[in-house]
Amino acid sequence: MHVTSGPVLKRFSKVAFCLWLFALVQSVLAMLDIVTINQSSTERVLFGIVELLTMALLILNAVTIRNFIAKQNCANAYRFSKICLYSLLFCAAGDIVNRNFPQLFYQYDEVIKHSYLADSVLFFFPGYLMLVIGIAHLAIKSGLSKKWLVISTLLVTVVALVTYRDMHLLTTNSVFTFITASYSILVSILALSAIWLIMSCTQTKIPVRLWYVAVGLVLAMIADALIGKFWIFGAQGQGYFPLVSHINWIIYFGSQALIQQLPIALLQIKQHHNHVNAAPIISN
């Protein structure tokens with residue numbers, strides 16, 4: 001068994017936090033017009049490339065986490081180190097689509113200008129779905145009933161559909177509607193999985209890092225809710241762009257940085273469990 005110290009584990013969190021700070025500064029500079037971004041300008045393309053390079057560094061951090069966890073003899077942590085990495089890779093592909101380098105608009109109808117956002121769902125959907133499935137499997141293995149998972153999922157699905165209907169424009173293309181509505185349900189269940197995750201670990205000491213992961217899962221939903229409300233359907237389909245894209249990037253990047261800490265949190269739980277079991281029993 002490999003025993004890891006706190007400083008070794010904290011380095012992964014520090015890297016993720018520093019990358020988020022960089023993403024924050026970049027977006028704030030754009031919101032303050034210190035960095036000018038126009039729809040057809042070279043600056044827009046360069047800005048998008050810098051954002052994607054920042055995400056590439058976060059992916060590199062996820063690869064490092066996976067390689068580290070692989071040496072620690074913790075099956076749950078290793079499985080999630082791969083899930084988090086693959087999920088991030090899918091989402092990064094969606095980020096490329098969202099940069100809209102070819103400047104494609106109104107692809108589905110004449111209502112939604114930023115319709116390329118639905119195309120990116122083809123990548124975000126499997127990326128987030130594998131997280132939901134992984135966490136649900138962990139929760140069931142930890143003793144949560146399948147009935148509870150199904151009931152909570154159905155309740156959240158209803159809430160997601162009601163919320164989606166409130167922001168949806170009736171004249172929107174049906175295919176576009178199906179894609180975005182389905183995705184709204186998924187990200188709502190992703191936020192719900194934060195509860196599943198915490199409940200699956202109540203039988204042991206929950207590390208602070210696991211709470212960070214739960215926050216990250218909720219932030220992922222909030223980031224996409226902003227996209228739906230203000231970037232897709234906002235201003236009668238014109239979208240409040242680019243302001244919403246900058247705000248979304250801050251929240252979204254933070255969510256990814258937090259979620260990738262999940263395998264480390266599971267490793268900490270395993271090490272705490274081993275430490276408790278190995279402690280000597282003192283009898284009178």
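Colleague: Let's start with N73: is it buried or exposed?
Modeller: This is a predicted model, so every value here is computed. N73 has a relative accessibility of 56%, and the cut-off for exposed is over 50%. N73 therefore counts as exposed.

Colleague: Thanks! Where is the place of N73, in which loop?
Modeller: Its backbone is worth a look too, as phi of N73 is near 60°, a positive value in a residue other than glycine. Most residues other than glycine have a negative phi. As for its place, N73 is in the loop between helix 2 and helix 3.

Colleague: What is phi of D33 near?
Modeller: D33 is in the loop between helix 1 (6-31) and helix 2 (42-69). At 60% relative accessibility, D33 counts as exposed. D33 is a residue other than glycine with a positive phi, near 65°.

Colleague: Which residue does a cis peptide bond join to F241?
Modeller: Most peptide bonds are trans. Here the bond has an omega of about 10° and is cis.

Colleague: Now for the helices: how do helix 7 and helix 8 run, roughly parallel or roughly antiparallel?
Modeller: The axes of helix 7 (residues 208-232) and helix 8 (residues 243-259) come within 7 Å and cross at roughly 160°. Angles over 145 degrees count as roughly antiparallel. So helix 7 is, relative to helix 8, roughly antiparallel.

Colleague: How many nonpolar residues has the contact of helix 7 with helix 8?
Modeller: Helix 7 passes helix 8 in a left-handed crossing. By class, their contact has four polar residues and one charged residue, and its nonpolar residues number 18.

Colleague: How many of the 17 residues of helix 8 are buried?
Modeller: Buried here means under 20% relative accessible area. By that cut-off helix 8 is mostly covered, and of its 17 residues the buried ones number 13.

Colleague: How far apart are the end C-alpha atoms of helix 8?
Modeller: Helix 8 has 17 residues, and at 1.5 Å a residue they should span 24 Å. The distance between its end C-alpha atoms agrees with that, at 25 Å.

Colleague: On to the cysteines: how many disulfides does a search of the whole structure find?
Modeller: A disulfide needs two cysteine sulfur atoms within 2.5 Å. For C18, the closest cysteine sulfur is in C84, 20 Å away, so that pair is too far apart for a bond. Over the whole structure, the number of disulfides found is zero.

Colleague: Which cysteine has the closest sulfur to that of C201?
Modeller: C201 itself counts as buried, at 6% relative accessibility. Its sulfur is 11 Å from the closest cysteine sulfur, which is too far for a bond. That closest sulfur is in C74.

Colleague: How far apart in space are S115 and G234, C-alpha to C-alpha?
Modeller: S115 lies in the loop between helix 3 (75-99) and helix 4 (116-141), and S115 is buried, with a relative accessible area of 0%. In sequence, S115 and G234 are 119 residues apart. In space, their C-alpha to C-alpha distance is 12 Å.

Colleague: And lastly, is Q203 buried or exposed?
Modeller: Q203 is in the loop between helix 6 (174-199) and helix 7. Q203 and L19 are 184 residues apart in sequence and 33 Å apart in space, C-alpha to C-alpha. With a relative accessible area of 73%, Q203 is exposed.

Notes
Residues numbered from 1 in each chain as written. Predicted model: local features only at pLDDT ≥ 70, side-chain atom pairs only at ≥ 80, totals over all residues. Heavy atoms only, no water. Axes fitted to C-alpha atoms, helices over the stretch in contact; angles between N-to-C directions. Helix = DSSP H or I, 4+ residues; strand = E, 2+ residues; numbered from the N terminus. Parallel < 35°, antiparallel > 145°, perpendicular 65-115°, else oblique. Left-handed = near helix turned anticlockwise from the far one by under 90°. Nonpolar A, V, L, I, M, F, W, Y, C, P; charged D, E, K, R; others polar. Expected span 1.5 Å × (residues − 1). Buried < 20%, exposed > 50% of the residue type's maximum accessible area, 1.4 Å probe, protein only.
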